[in-house]
Amino acid sequence: MPIRKTYIVEHLDPELGPWSELEYIAIARETGRAGGTFVLSSMPPSLVEKLPSKLTSEPAFRAETKGVEELYPEEERKRVCLLDPRAEKDISPDDKANFDVFLFGGILGDDPPRDRTGELRVKGFEGRRLGPVQMTTDTAVRVTRMVIDEQFTLNMVPYIDHPDLKINEHESTEMPFRYVKGDDGNPVMPEGMLDLIKKDADKSIDDLI
Ligand SMILES: C[S@@+](CC[C@H](N)C(=O)[O-])C[C@H]1O[C@@H](n2cnc3c(N)ncnc32)[C@H](O)[C@@H]1O
């Protein structure tokens, strides 16, 4: 059993939007700091070419054009855990001994959730849930690392559910996800995400006018 784990996000969208980009940079940085590896799998070659240097320069990061089924053939699949909001069992620190690889759906959150993680479930990976509330992909990886590397139980992790983010003096927007609560009391988000959320919210307000 390798001490350092691999965290794989199987990219399931045809494009790589700015939200996903910021999430993947945060995953690469934090996983590297914790001594793990971050693989972004199923990446079309055309998207690999366009990956930002902020991501590709992270030593823990690797882009793969192969999908996770090809990377982990049937006989190796039982060491891979799919983080699945519909799994029957919640993840626990004991899973450190059961799995070497943790797999996530590379999809933006949606409300209500469309269960696109189901596209990975049908491939026969054993699943674990991170509690009942939908997380962003970077939060899901963060919490998994806390449970596996730092041996937190899920109920020890400090959370903020559905935070209201201030867009400007007059407006705020509710994020329909669970986040880890940072030391400053705010939801932990990728660098640049708050500005992107504000920009997108301003754009949609402008579209309404
Ligand atoms: C933003 S979520 C997408 C959830 C989603 N709306 C769907 O269609 O399945 C991205 C990934 O984070 C992981 N994830 C998020 N919340 C989770 C939870 N509560 N339990 C297990 N995995 C979760 C899953 O691997 C999921 O594919």
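Asp84 is in contact with Thr117, Arg121, Arg128 and Arg129, its neighbours within four places in sequence left aside. In this predicted model, Asp84 sits in the loop between S4 and H5 and is buried, with a relative accessible area of 4%.

**Buried aspartates**

- The side chain of Asp84 reaches the backbone nitrogen of Arg86 at 2.9 Å.
- Asp84 counts as buried because its relative accessible area is 4%, and buried means under 20%.
- Asp100 belongs to the loop between helix H5 (95-98) and S5.
- With a relative accessibility of 14%, Asp100 also counts as buried.
- The side chain of Asp100 makes a polar contact with the side chain of Arg79, at 2.8 Å.

**Nonpolar cores**

- The largest nonpolar core has 32 residues, and Phe38 and Phe102 touch the most other members.
- At least two residues of this core come from each of strand S1 (6-11), helix H1 (18-33), strand S2 (37-41), strand S4 (80-83), strand S5 (101-106) and helix H7 (137-148).
- H7 supplies the largest share of this core, with six residues.
- Residues up to four places away in sequence not counted, Phe38 touches Tyr7, Val9, Tyr24, Ile27, Ala28, Thr31, Leu55, Ala60, Phe61 and Arg62.

**Largest pocket**

- The volume of the largest pocket is about 580 Å³.
- Its lining is made up of 29 residues, of which Pro85, Pro113, Thr117, Gln134 and Met135 are the closest to the centre of the pocket.
- S5 and H7 are the elements that give two or more residues to this lining.
- By class, the lining of the largest pocket has twelve nonpolar, eight polar and nine charged residues.
- Thr117, one of the residues closest to the centre of the largest pocket, is also a contact of Asp84.

**Second largest pocket**

- The second largest pocket holds about 240 Å³ of space.
- Of the 13 residues that line the second largest pocket, Ala26, Arg29, Met189, Pro190 and Glu191 lie nearest its centre.
- The element that gives the most to this lining is H1, with six residues.
- Six nonpolar, one polar and six charged residues form the lining of the second largest pocket.

**Cavity**

- The structure has one cavity of 30 Å³ or more, and the space in the largest cavity is about 50 Å³.
- The largest cavity is lined by Trp19, Glu23, Thr136, Asp138, Tyr179, Met189, Pro190, Met193 and Ile197.
- H1 and helix H8 (193-208) each give at least two residues to the lining of the largest cavity.
- This lining divides into six nonpolar, one polar and two charged residues.
- Met189 and Pro190 line the largest cavity, and Met189 and Pro190 are also among the residues nearest the centre of the second largest pocket.

- Val188 is placed in the loop between strand S10 (178-180) and H8.
- Val188 counts as partly exposed, at 24% relative accessibility.
- Leaving out residues up to four places away in sequence, Val188 touches Arg142, Tyr179, Val180, Lys181 and Gly182.
- Tyr179, a contact of Val188, is one of the residues that line the largest cavity.
- Val188 and Tyr159 are 29 residues apart along the chain, and their C-alpha atoms are separated by 9.4 Å.

- Ser42 is not a glycine but has a positive phi of about 60 degrees.
- Ser42 is in the loop between S2 and helix H2 (45-49), and at 25% relative accessibility Ser42 counts as partly exposed.
- Gln151, also a residue other than glycine, has a positive phi near 60 degrees.
- The loop between H7 and strand S7 (159-161) holds Gln151, and Gln151 is partly exposed, with a relative accessible area of 37%.

Notes
Residues numbered from 1 in each chain as written. Predicted model: local features only at pLDDT ≥ 70, side-chain atom pairs only at ≥ 80, totals over all residues. Heavy atoms only, no water. Core = buried A, V, L, I, M, F, W, Y, C linked by side-chain atoms within 4.5 Å. Buried < 20%, exposed > 50% of the residue type's maximum accessible area, 1.4 Å probe, protein only. Helix = DSSP H or I, 4+ residues; strand = E, 2+ residues; numbered from the N terminus. Contact = heavy atoms within 4.5 Å. 1 Å grid on protein atoms, 1.4 Å probe; cavity = no way out; pocket = protein on both sides within 12 Å on 5 of 7 lines; lining within 4 Å. Points joined across faces, edges and corners; volume = space filled by probe spheres on them. Nonpolar A, V, L, I, M, F, W, Y, C, P; charged D, E, K, R; others polar. Polar contact = N/O pair within 3.5 Å; in protein donor to acceptor, adjacent residues only side chain to side chain.
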